[in-house]
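This briefing is meant to be read alongside the coordinates and the sequence. It begins with the chain as a whole and then takes up individual elements and residues by topic.

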Amino acid sequence: MRTLLRLESLFHKALYFVTLDDPLPHHTALLAIFEIIEVAARADLKSDILQELERQRQSLESLRRNAAIDQDKLSEILTEINHCLKSIHGLAGKLGQHLKEYEWLLNVKQRAGIPGGTCGFDLPAYHYWLHSTTAKRRDDLNAWITPMLPIYHGLSVVLKLLRESGLPQPAVAIKGAYQQMLGGRNAQLLKISLNQALPCVPEASANKYALSIRFMAVTQERPSQCTENIEFNLTFCNL
């Protein structure tokens, strides 16, 4: 699940910066594409997403005859899942494999891991590309990221269904600390919501017995646990 969340964040970053016009945002978009490839290479991502989509499809199919369910909405979701399954099945090889035909791009990827490694004197071909027209750079970036979009669409469906699967429950962290015994309860994803104006962030840890959440004060100095009671909503997401 953490891999899916990381990839979702990276795809959002890449797709956003592609839409901008200047060379530096396009450089950032390209770095995000490289990170997507690195994250995806650490696991059998394609198989995992297919498995999760299929599991969710079967779970939702069982609701076909449930009168309490909006059947039009259900059909729409199932159509979306089936489309994602078909698109991901059509992917050949590992994610990002299509970039291997661009040798200069692989040099950029290799140098991008070195602090300051993409300077113009190190990679003149990349420097030339960065100073080509906006349309040229955007077309290239779209050509590099488009073959990976079935994975993005698939994981987006998985995460959307998970996020909408639970009901938020109000809770209070006494002096910034909250604990709940799970009693065998499982969750694929936890969602913690609180007032955006509160200057704190949650840190959660869990095992099969208990869930623990600490709210940490946002500060430039050493992080410390909040000393005030924090009201928040906790959602156990599971399908």
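What percentage of the 239 residues of the chain count as buried? In this predicted model, the share of residues that count as buried is 34%. The C-alpha trace of the chain spans about 60 × 55 × 30 Å along its principal axes, and, among the contacts in the chain with a separation of 6 or more, 71% come from residues 24 or more positions apart.

**Order of elements**

- The chain holds eight helices and six strands, and, read from the N terminus on, these elements run α-α-α-α-α-α-α-α-β-β-β-β-β-β.

**Packing of α1 with α8**

- Helix α1, made of residues 2-18, packs with helix α8, made of residues 149-163, at an angle of about 120°, and the axes of the two helices are 10 Å apart.
- On the α1 side the contact is made by L4, L5, L7, E8, F11, H12 and L15, while on the α8 side it is made by L149, Y152, L155, V158, L159 and R163.
- By residue class, the contact of α1 with α8 divides into ten nonpolar residues, one polar residue and two charged residues.

**The three-stranded sheet**

- An open sheet is formed by three strands in the order β1-β6-β3, and the pairing within this sheet is antiparallel.
- Its edge strands are β1, covering residues 169-173, and β3, covering residues 189-193, each of which pairs on one side only.
- On average, and with direction ignored, neighbouring strands of this sheet are turned by 35° against each other.
- Strand β6, which covers residues 230-237, pairs with β3 in the antiparallel sense over five bridges, and I192 stands opposite L234 in β6.
- In general, strands of a sheet pair through backbone hydrogen bonds, and the pairing may be either parallel or antiparallel.

- S59 has its place in helix α3, which covers residues 45-61.
- With a relative accessibility of 30%, S59 counts as partly exposed, because this class lies between the limits of under 20% for buried and over 50% for exposed.
- Although S59 and L239 are 180 residues apart along the chain, their C-alpha atoms are separated by 7.5 Å.

Technical notes
Residues are numbered from 1 along each chain as its sequence is written. This is a predicted model: local features need pLDDT of at least 70, side-chain atom pairs count only at pLDDT 80 or more; totals for chains, interfaces and linings use all residues. Side-chain values use heavy atoms; hydrogens and water are left out. Two strands pair if DSSP finds at least two bridges between them. Helices (H or I, at least four residues) and strands (E, at least two) are DSSP runs, numbered from the N terminus. Axes are lines fitted to C-alpha atoms, for helices over the stretch in contact, and angles run from 0 to 180 degrees between N-to-C directions. Contact means heavy atoms within 4.5 Å. Ala, Val, Leu, Ile, Met, Phe, Trp, Tyr, Cys and Pro count as nonpolar, Asp, Glu, Lys and Arg as charged, and the others, Gly among them, as polar. Buried means under 20% relative accessible area, exposed over 50%, partly exposed in between (1.4 Å probe, protein chains only).
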